[in-house]
Amino acid sequence: MPPSPPSPPNPQNRGSGTSAVEVRRSSRRRRTVSAYREGDRTIVLIPARMSEAEEQRWVGVMLEKLAAQESKRMLGDAELAARAEWLSEQYLGGRARPASVRWVTNQNTRWGSCTPAEGSIRLSHRLKGMPEYVVDYVLVHELAHLLVPGHGRRFWELLEAYPRTERARGYLEGVVAAGRLPHLTGAETESG
């Protein structure tokens, strides 16, 4: 697993789910499990008596809970622009400098778009509520277009810097595939 990036200097930092996980066992803790973000790490507090298997299960559960809480906090356009600036610094050496970054509601077939001549990046409102690493991937993807317009080898080499590219692409492909599945009614699911 690649090293975790530091948290961005953003007052609405939601954590990216890519942080290192530290498990802290406590003999005073009997049944409860809790988790929180601390800088670029996620701290999971568990009872000392838990087995390794229980620990692993609870770490997964708590990471999912944190991600769900964090995904509910939506970035506005100003925070989105700040996030793009931070991502450019982290993964593209600060070379991608968009003039504007904003949410739009007229992109139903794309996750994002970029007009390099204007330096504008637009993200589909459909990304709101998705995990932060997915939104970050789309931002890095569009930022990379400010440096390389097409989807050639140079473009994909830039995206290799973002450690969750493949996972985010898989997530988005899953969303698209789920949208193509037939939607069953209650009667169809009972007989099927």
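This is a predicted model: local features need pLDDT of at least 70, side-chain atom pairs count only at pLDDT 80 or more; totals for chains, interfaces and linings use all residues.
The side chain of Glu-142 reaches across to the backbone nitrogen of Cys-114, at 3.4 Å. Residues are numbered from 1 along each chain as its sequence is written, and side-chain values use heavy atoms, with hydrogens and water left out.

Glu-142 sits in helix H3, residues 132-147 (helices are DSSP runs of H or I with at least four residues, strands are E runs of at least two, both numbered from the N terminus). Glu-142 is buried (under 20% relative accessible area, 1.4 Å probe, protein chains only). Even so, Glu-142 has no salt bridge (a side-chain nitrogen of Lys or Arg within 4 Å of a carboxyl oxygen of Asp or Glu); the nearest side chain of opposite charge, Arg-110, is 7.0 Å off. Beyond neighbours within four places in sequence, Glu-142 is in contact with Gly-112, Ser-113, Cys-114, Ile-121 and Leu-123 (heavy atoms within 4.5 Å).

As for the strands, E5 (residues 112-115) and E6 (residues 120-124) run antiparallel, joined by four bridges (strands pair if DSSP finds at least two bridges between them). Thr-115 has Ser-120 of E6 as its bridge partner. Four residues lie between the strands of this hairpin, where Gly-119 takes a positive phi near 75°.

Strand E6 also turns up in the packing of helix H2: the buried residues of H2 pack against E6, H3, strand E4 (100-104) and helix H4 (153-159). Among those buried are Arg-83, Trp-86 and Tyr-91. Gly-93, with a positive phi near 65°, follows H2.

Conventions: Buried means under 20% relative accessible area, exposed over 50%, partly exposed in between (1.4 Å probe, protein chains only). Lys and Arg count as positive and Asp and Glu as negative; His and the chain ends are not counted. A polar contact is a pair of N or O atoms within 3.5 Å; within protein, one must be able to donate a hydrogen and the other to accept it, and residues adjacent in sequence count only if both atoms are side-chain atoms.
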